[in-house]
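Student: I should like to learn how to read a structural model. May we begin with the elements and then turn to individual features?

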Amino acid sequence: MTESPAIQDDYLDSLMGDFLDESTGLLAQLNEKLLALDDWAANQASVVAGPPVDLLNEMFRAAHSLKGLSGMLRLTEINVL
């Protein structure tokens, strides 16, 4: 038994709404961390040997989550980016 197209569309709309909510938060987090990295580069790069690993890990996790979510929903252009 297959679901009707209307049910599938409602389900995809629901998933897309969840993706937009989640991705908005992840992008905000990624932006915040990127600004922190920029601040580190401007103020501490000449004093400290390398960038803060925890900051880079947080940025990686946010980007990886965006990639995974977009891949799950077959949003190829976002996934490739």
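Tutor: Helices here are DSSP runs of H or I with at least four residues, and they are numbered from the N terminus. Please note that this is a predicted model. As a case, Asp18 is found in helix H1.

Student: Is Asp18 buried, partly exposed or exposed?

Tutor: Buried means under 20% relative accessible area, exposed means over 50%, and partly exposed lies in between. Asp18 has a relative accessible area of 47%, so this residue is partly exposed.

Student: How far apart are Asp18 and Arg61 in sequence and in space?

Tutor: They are 43 residues apart in sequence, and their C-alpha atoms are 18 Å apart in space.

Student: What span should H2 have, given its residues?

Tutor: The expected span of a helix is 1.5 Å times one less than its number of residues. H2 has 20 residues and should therefore span 28 Å; its end C-alpha atoms are 28 Å apart, which agrees.

Student: Which residues of H2 are buried?

Tutor: Leu55, Met59, Ala62, Leu66 and Ser70 are the buried residues of H2. They lie on the same side of H2, because they cover an arc of only 65 degrees around the axis. Val53, Phe60, Arg61, His64 and Met72 are exposed on the other side of H2. After H2 comes Arg74, with a positive phi near 60 degrees.

Student: How many salt bridges are there?

Tutor: A salt bridge requires a side-chain nitrogen of Lys or Arg within 4 Å of a carboxyl oxygen of Asp or Glu. By this rule, the count is two. In one, the closest N and O atoms of Glu32 and Lys33 are 3.8 Å apart. In the other, those of Lys33 and Glu58 are 2.9 Å apart. Lys33 belongs to helix H1 and Glu58 to helix H2, so this pair ties together parts that are 25 residues apart in sequence.

Student: Finally, what lines the largest pocket?

Tutor: Its lining includes Phe19, Leu66, Ser70 and Ile78. Helices H1, H2 and H3 each give two or more residues to this lining, and H2 gives the most, with four. By class, the lining has six nonpolar, three polar and one charged residues. The space in the largest pocket is about 180 Å³.

Note on methods:
Residues numbered from 1 in each chain as written. Predicted model: local features only at pLDDT ≥ 70, side-chain atom pairs only at ≥ 80, totals over all residues. Heavy atoms only, no water. 1 Å grid on protein atoms, 1.4 Å probe; cavity = no way out; pocket = protein on both sides within 12 Å on 5 of 7 lines; lining within 4 Å. Points joined across faces, edges and corners; volume = space filled by probe spheres on them. Nonpolar A, V, L, I, M, F, W, Y, C, P; charged D, E, K, R; others polar. Buried < 20%, exposed > 50% of the residue type's maximum accessible area, 1.4 Å probe, protein only. Arc of directions from axis to C-beta.
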